[in-house]
Amino acid sequence: MQIRLENICKCFDGVPVLENINMHLHKGKIICIVGPSGCGKSTFLNLLSRLDLPDNGTIQMDASTKTAYVFQEDRLLPWESVYDNIRFVKNAEDSRQILSLIEDVGLKGYEKHLPDQLSGGMRQRCSIARAFYYGSDLLLMDEPFKSLDFNLRFEMIEKLLLLWEKSQCAIVFVTHEIDEALLLGDEILVFSKRPAHVLESLEIKTPQRERKLGDPHLLSLRAKIVENILR
Ligand SMILES: Nc1ncnc2c1ncn2[C@@H]1O[C@H](COP(=O)(O)OP(=O)(O)OP(=O)(O)O)[C@@H](O)[C@H]1O
Ligand SMILES: [Mg+2]
């Protein structure tokens, strides 16, 4: 599985939002995107998901690429339980897998709860379980851990890595948290203010499991990202 984006441009009502974005993604690779609010990160994911089309540039991707999308909002069905919100994305029901995913995201005991009876972070975790139940070659995640506290955030990073290792999907992960990007990304793209272009592309070769936020290499990358964001 390969995805190649070249010179992607997108405008809304004549206002440029994305400008000449290039990206290369393959099976098992995680790309994290950081950048200011409103610069075009969700727009970029919408283009990758094929929910929207670029005005210019090319997206090379096999038509058979199966894509799952964890939206910035959880988009659960309010009248369905946690279990049924996950189940509904596939025709065949695999209750063992659903229950195991519910446990993986820390929602054991909440299978029958409706979205209204959950916190924002719990709803977000339900939508992550749903994405993995659907199964995909390409997983798009738009600030999936934004409603989680500091500890839960790191727990979810561990869980995401576990699910990713099992599935070997490619992931594009948008976040405002630089630490999340440092722990997850094989590559980090720093987007500029709108119209977004890539200010910096940083590669991290250390396997995700071996990374510690205090490592000098990660600390220097962190400083570089901050410098770029504040530019
Ligand atoms: N469908 C649309 N029609 C018109 N303008 C849009 C549309 N979608 C997004 N925009 C504009 O494009 C810009 C980028 O929006 P986008 O949601 O991609 O930003 P973002 O980087 O995801 O921001 P945040 O970090 O706050 O989620 C914004 O100025 C927004 O108003
Ligand atoms: Mg967004």
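The exercises below, each with a worked solution, concern a predicted model.

**Exercise 1.** Identify which protein atoms are donors of the magnesium ion (ligand 2), and state where their residues lie.

*Solution.* Ser42 belongs to helix H1 (residues 41-48), while Gln72 sits in the loop between strand E5 (67-70) and helix H2 (82-87), so the pair ties together parts that are 30 residues apart in sequence. Turning to accessibility, Ser42 is partly exposed at a relative accessible area of 25%, and Gln72 is likewise assigned to the partly exposed class, at 28%.

**Exercise 2.** Determine which parts of the chain are tied together by the salt bridge between Lys29 and Glu187, and decide whether these residues are buried or exposed.

*Solution.* The two side chains meet at 2.8 Å, N to O. Lys29 is found in the loop between strands E2 (15-26) and E3 (30-34), and Glu187 in strand E8 (residues 187-191), so the contact links parts that are 158 residues apart in sequence. Both Lys29 and Glu187 are buried.

**Exercise 3.** Work out which helices are joined by the salt bridge between Lys166 and Asp104, and classify each residue by its accessibility.

*Solution.* The side chains of Lys166 and Asp104 meet at 3.8 Å, N to O. Lys166 lies in helix H5 (residues 150-167) and Asp104 in helix H3 (residues 95-104), so parts that are 62 residues apart in sequence are tied together. Lys166 has a relative accessible area of 60% and is therefore exposed, the cut-off being over 50%, whereas Asp104, at 16%, counts as buried because this value is under 20%.

Methods: Residues are numbered from 1 along each chain as its sequence is written. Chains are lettered from A and ligands numbered from 1 in the order in which they are written. This is a predicted model: local features need pLDDT of at least 70, side-chain atom pairs count only at pLDDT 80 or more; totals for chains, interfaces and linings use all residues. Side-chain values use heavy atoms; hydrogens and water are left out. Donors are N, O and S atoms within 2.8 Å of the metal (3.2 Å for Na, K and Ca); water is not among the atoms, so sites may look incomplete. Helices (H or I, at least four residues) and strands (E, at least two) are DSSP runs, numbered from the N terminus. Buried means under 20% relative accessible area, exposed over 50%, partly exposed in between (1.4 Å probe, protein chains only). A salt bridge is a side-chain nitrogen of Lys or Arg within 4 Å of a carboxyl oxygen of Asp or Glu.
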